[in-house]
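The sequence and structure come next, and my notes follow.

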Number of protein chains: 2
Amino acid sequence: MKLAAGSVGTVETRILDLPGPVPLDCGRALSPVRVAYETYGTLSPARDNAILVCHALSGDAHAAGTSATPTGTRDGFAARGGRNLGWWDGMIGPGKAFDTDHFFVVAANVLGGCGGTTGPSAPDPATGRPYGPDFPVVTVADMVRTERALLTALGVDRLAAVAGGSLGGMRALEWAILYPDKVDAVVAIASTHALSPQGVAWNAIAREAILRDPDWQDGRYYGTGRSPDSGMGLARMVGHITYLSAAALDGKFGRRLQFSDDIRHTLTEPEFQVENYLRHQADGFVRRFDANTYLLLSRALTYFDLARQHGGSLERAFADVTARTLLISFDSDWLYPPSGSHAIERALRALGKPVEAHVLDAPYGHDSFLLEEARQIPIVRRFLSL
Amino acid sequence: MKLAAGSVGTVETRILDLPGPVPLDCGRALSPVRVAYETYGTLSPARDNAILVCHALSGDAHAAGTSATPTGTRDGFAARGGRNLGWWDGMIGPGKAFDTDHFFVVAANVLGGCGGTTGPSAPDPATGRPYGPDFPVVTVADMVRTERALLTALGVDRLAAVAGGSLGGMRALEWAILYPDKVDAVVAIASTHALSPQGVAWNAIAREAILRDPDWQDGRYYGTGRSPDSGMGLARMVGHITYLSAAALDGKFGRRLQFSDDIRHTLTEPEFQVENYLRHQADGFVRRFDANTYLLLSRALTYFDLARQHGGSLERAFADVTARTLLISFDSDWLYPPSGSHAIERALRALGKPVEAHVLDAPYGHDSFLLEEARQIPIVRRFLSL
């Protein structure tokens with residue numbers, strides 16, 4: 001799927017300490033807050049070519065290029081399972097969708113994250129110990145406020161675009177609503193104005209798996225030598241199946257057995273290839289991700305509901321938006337189905353706002369936003385007038 | 001959905017000790033085996049009007065009528081959460097689909113079950129203690145062999161029909177293959193010849209949730225005062241969402257909050273109504289079901305693969321079948337989608353076997369086989385020539 005386009009090369013994740021507290025929807029204010037971020041390309045003298053790229057639940061600030069910090073030793077990061085390429089490397093770089101020959105691309109780890117930005121594993125100034133369950137339950141809007149503070153500190157007052165998939169797309173939409181005069185364009189991919197009840201249920205099950213793991217210890221597992229790897233592994237398994245389409249699983253694994261042509265009559269060992277794949281995915285994820293961050297981000301994306309946040313009306317939510325909006329969804333995505341994008345499109349059109357929507361017939365389900373780069377790149381480039 | 005038809009009245013679950021061992025696919029033979037069963041209607045003098053009704057993963061022998069044994073005190077049963085009506089009461093009774101004015105209906109708890117039939121919670125004759133993980137990993141065919149032994153002991157040599165939904169439909173199909181000269185008709189509802197890879201994955205996650213619960217104790221939790229309720233609750237949550245369609249969840253709960261119009265910023269408490277529903281479903285289930293039985297039945301239904309069991313060919317699997325087959329599936333059932341029934345229908349047609357297939361556009365997903373009685377009853381009655 002990779003186009004013959006350049007890489008941003010070797011990149012370093014940097015840390016910025018925000019100058020002031022971040023006000024939160026829950027009423028608290030968080031301070032100090034540090035943000036892990038990377039940048040690709042060059043900020044123009046007029047400072048008008050910045051694009052913020054927003055990661056999804058399991059992502060981080062390392063969106064493109066090859067990390068300068070070797071796997072497993074990067075400050076503030078857990079091991080990355082040997083993958084040092086950015087999570088959206090196919091979309092960000094010279095000649096790519098977010099073209100670093102033209103744009104200054106910023107990617108930041110989200111508030112509440114575990115990739116260098118202040119989150120539940122960071123020290124609580126009140127105690128000197130990690131926040132754990134005392135970290136505030138942040139919202140998508142709180143994450144956006146943090147991103148805005150980062151950009152201000154970087155000298156960027158206005159975004160040429162804000163883009164992301166899934167939870168990242170939610171932040172892109174929230175940006176255009178919270179800061180209508182600071183965003184020229186929104187690119188929301190495989191995203192929605194509000195997760196479906198089934199999506200809410202899957203996320204609830206994933207969080208329950210962590211909460212029910214005795215090693216979670218009410219969220220105070222840091223430094224105990226035990227962490228809820230078992231529950232977070234289960235959460236990741238649930239996530240993984242919801243990110244893929246049934247047809248993709250069929251094509252990738254079918255009902256192939258793991259070791260032989262016949263069953264071995266075992267309850268405890270993986271027998272089908274898809275069972276083994278799930279265990280591997282879970283094991284790799286728990287090594288690089290923090291369970292309390294998982295709980296927070298999962299909760300934030302289920303809370304996100306633009307209509308509820310604006311008196312029950314999606315049109316009211318978008319009333320002040322000035323940005324042009326590009327929506328891309330995938331017909332095999334049953335976690336963030338195209339209906340979510342359709343509802344956003346209808347509301348924006350009813351308001352006379354510029355919006356462009358595409359439904360791609362990619363086969364991979366929700367993960368298509370990470371995998372179907374070749375189809376997305378020309379759409380995004382044209383939208384950004386490249 | 002209930003038709004104005006009669007009830008079979010108050011019924012009692014009986015226990016029958018099989019006269020001999022049950023040979024198993026794994027090579028072992030199980031003995032002693034007792035089977036919990038109920039019967040409705042009267043066996044004809046010619047003994048030619050018997051219908052075996054096969055329950056799904058969470059069912060038991062109490063398929064119709066009202067249980068004579070009060071909730072929570074029935075011998076060998078866990079509490080039933082106040083529900084004393086049989087799991088398929090809408091389908092079994094005078095004037096219903098399986099019409100007890102004409103047929104002698106038998107329902108039995110499955111081999112490996114926890115509803116009175118020998119399973120992992122039964123005493124292992126070798127030790128006097130519950131089998132736990134030493135119970136053999138049984139297959140759908142093993143379950144059918146046990147059902148055949150029960151019927152023989154009841155004086156029934158030949159079935160007018162064998163019927164079931166989901167795992168019960170798998171048994172119905174297996175009956176016609178294992179005992180081709182003993183089955184006149186098969187009714188397989190919301191079932192398949194082999195679970196999809198996504199279905200395999202969901203079941204693997206459900207089993208992992210139990211296996212990862214420390215209270216599972218390698219399956220030897222009986223008598224310890226601890227049982228893997230937490231893991232089995234998670235398993236049930238996963239199951240529940242896969243049994244329902246996304247549209248059904250949308251209609252039933254939407255994104256309605258539990259207590260107020262606004263979010264409370266909580267990670268640990270149910271916030272959406274669908275989250276609360278999941279917890280309640282899980283809590284009710286763990287009170288009445290055994291975790292080792294869950295593992296066994298889930299494994300059996302993922303192993304079930306009629307083509308693999310017959311040299312890779314579904315046609316070869318059905319080659320000796322003499323029964324007429326009725327297949328009912330539901331378009332909103334994404335766990336056992338109509339494609340499974342279509343594949344069975346094609347194989348039977350290719351062999352020139354009599355088969356009738358219906359896809360109903362019921363909205364409830366997989367659970368439609370339990371909920372959409374009014375639409376199924378006339379189809380089944382006509383098929384059974386009533």
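Before reading any pairing I noted the rule that two strands pair if DSSP finds at least two bridges between them. By that rule, and bearing in mind that this is a predicted model, I looked up strand 5 (residues 34-40) and strand 10 (residues 104-108) of chain A, which pair in the antiparallel sense over 4 bridges. Within this pair I found A:Glu38 opposite A:Ala107 of strand 10.

I then followed the whole sheet, which is open, has mixed pairing and is built from 8 strands of chain A in the order 2-5-10-6-11-12-13-14. Its edges are strand 2 (14-17) and strand 14 (355-360), each pairing on one side only, and the twist from one strand to the next averages 20°.

Next I checked the helices and saw that helix 9 (residues 338-350) of chain A packs on the sheet, where it touches strand 13 (324-330) and strand 14 and makes about 160° with the direction of strand 13. Helix 11 (residues 373-383) of chain A lies across strand 12 (185-189), strand 13 and strand 14, running at about 170° to strand 13.

Turning to the domains, I took from the assignment for chain A domain 1 (10-196 + 304-383) and domain 2 (200-292). How much area do domain 1 and domain 2 of chain A bury between them? I noted about 1,900 Å², 60% of it on carbon and sulfur atoms. On the domain 1 side, A:Ser58, A:Cys114 and A:Trp334 supply 26% of the area buried against domain 2, more than any other three residues. I also recorded 1 salt bridge across this interface.

Note on methods. Residues are numbered from 1 along each chain as its sequence is written. Chains are lettered from A and ligands numbered from 1 in the order in which they are written. This is a predicted model: local features need pLDDT of at least 70, side-chain atom pairs count only at pLDDT 80 or more; totals for chains, interfaces and linings use all residues. Side-chain values use heavy atoms; hydrogens and water are left out. Helices (H or I, at least four residues) and strands (E, at least two) are DSSP runs, numbered from the N terminus. Axes are lines fitted to C-alpha atoms, for helices over the stretch in contact, and angles run from 0 to 180 degrees between N-to-C directions. Contact means heavy atoms within 4.5 Å. Domain bounds come from an automatic or database domain assignment. Buried area is the accessible area (1.4 Å probe) that two parts lose on being put together, summed over both. A salt bridge is a side-chain nitrogen of Lys or Arg within 4 Å of a carboxyl oxygen of Asp or Glu.
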